[in-house]
Amino acid sequence: MWHIAKRELYDNLNSLRFALATVLILALMLTNAIVYLRENPARAQAYHNAAANATKTLEARSTSLYRLAAEGPGDLHKAPSPLRFCAEGDEAFLPTHAGGSNFFPGIANVRPIWRMIYPQDTPHLFNIRPDFTTLDWAFIVGYVLSFIALLFTFDSISGELERGTLRLTLANPIPRHIVLVGKFLGAFISINIPFAVAVLMNLLLISTSDAVQLDTEAWGRLGILYGI
């Protein structure tokens, strides 16, 4: 099995499609890092400004416990995700803040308790798809890497059948599942090599920036994402 996997790996490493796949994935990963480094400082600065204004509002209402219970804490802003470059997901459709205020009139000079209200950020309820596709890890793996997997394996069996090497292989006492597993491992390692190099370059470019601070929890999540 390992002999078949090594032969498959050797054939892929010496092919033009391996070089093209490496260049393509590396270019997309570097583009992902550059776009994230360009957009993240503005997003982080907007959050800090909004959080500072919300803190001032909360401090002003905290002078009286009754006023705080009646008017609420004000807007509660959500910090931007530091791993947005991996998978944006539905974050574009989630509100950036929640409003904790009182919008109801008082009865007999007694105001009711404040309520939490979540604003609606979806532009159209019947069309919640994004206007464009975000170039993140999820897109690269889901579309580009899947296409490269097909490019590497579409002729793994038929190519050897045409060349006659498959008949020679099966003429030996080798089970068919060993051949399939060996080819799978060879293709898996071949695809993982350019992806690993591209991920390392992506993280190296992002981690060297002063605008991005990845803590231990973020690096742990990155390891889980890469493993998946």
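Which hand does the crossing of H2 and H7 have, left-handed or right-handed? Keep that in mind; the tour reaches it at the third stop.

**Before you start**

This is a predicted model, in which local features need pLDDT of at least 70, side-chain atom pairs count only at pLDDT 80 or more, and totals for chains, interfaces and linings use all residues. Residues are numbered from 1 along each chain as its sequence is written, and side-chain values use heavy atoms, with hydrogens and water left out.

**Stop 1: the whole chain**

Show the protein as a cartoon. Its secondary structure comes to eight helices and three strands. Helices (H or I, at least four residues) and strands (E, at least two) are DSSP runs, numbered from the N terminus. Follow the elements from the N terminus: they run α-α-α-β-β-β-α-α-α-α-α.

Now colour by burial. Buried means under 20% relative accessible area, exposed means over 50%, and partly exposed lies in between (1.4 Å probe, protein chains only). Of the 228 residues in the protein, buried ones make up 30%.

Contact means heavy atoms within 4.5 Å. Among contacts with a separation of 6 or more, 72% come from residues 24 or more positions apart.

**Stop 2: the nonpolar core**

A nonpolar core is a set of buried Ala, Val, Leu, Ile, Met, Phe, Trp, Tyr and Cys residues joined through side-chain atoms within 4.5 Å. Select Ile25, Met29, Leu83, Phe85, Trp137 and Leu222: these have the most contacts inside the largest core, which has 27 residues. The elements giving two or more residues to this core are helix H2 (16-61), H4, H7 and helix H8 (216-227). H2 supplies the largest share, eight residues.

Zoom in on Trp137. Beyond residues up to four places away in sequence, Trp137 touches Met29, Asn32, Phe85, Cys86, Val199, Asn202, Leu203 and Leu222.

**Stop 3: H2 against H7**

Select H2 and H7. Their axes come within 9 Å and cross at roughly 25°. That makes H2 roughly parallel to H7. Axes are lines fitted to C-alpha atoms, for helices over the stretch in contact, and angles run from 0 to 180 degrees between N-to-C directions. Angles under 35 degrees count as roughly parallel, over 145 as roughly antiparallel, 65 to 115 as roughly perpendicular and the rest as oblique.

Here is the reply to the opening question: the crossing of H2 and H7 is right-handed. A crossing is right-handed if the near helix is turned clockwise from the far one by less than a right angle, and left-handed if anticlockwise.

Show side chains. Residues of H2 in the contact include Phe18, Ile25, Met29 and Tyr36, and those of H7 include Ile193, Phe195, Val199 and Leu205. By class, the contact of H2 with H7 has 17 nonpolar, four polar and no charged residues. Ala, Val, Leu, Ile, Met, Phe, Trp, Tyr, Cys and Pro count as nonpolar, Asp, Glu, Lys and Arg as charged, and the others, Gly among them, as polar.

**Stop 4**

Select helix H4 (residues 137-153) beside helix H7 (residues 176-207). They pack at an angle of about 150°, with axes 10 Å apart. That makes H4 roughly antiparallel to H7. H4 passes H7 in a right-handed crossing. Among the residues that meet are Trp137, Val141 and Leu145 in H4, and Ile191, Phe195 and Val199 in H7. The contact of H4 with H7 holds ten nonpolar, three polar and no charged residues.

Turn to H2 and H4. Their axes come within 11 Å and cross at roughly 175°. That makes H2 roughly antiparallel to H4. This contact has 13 nonpolar, one polar and one charged residues.

**Stop 5: Arg84**

Select Arg84, in the loop between E1 and strand E2 (97-101). Is Arg84 buried or exposed? At 17% relative accessibility, Arg84 counts as buried. Apart from neighbours within four places in sequence, Arg84 is in contact with Tyr36, Arg43, Glu91 and Asp136.

**Stop 6: Leu76**

Finish at Leu76, in strand E1 (residues 74-77). Leu76 is partly exposed, with a relative accessible area of 40%. Leaving out residues up to four places away in sequence, Leu76 touches Thr96, His97, Ala98 and Met116. Draw a C-alpha to C-alpha distance from Leu76 to Gly99: they are 23 residues apart in sequence and 6.2 Å apart in space.
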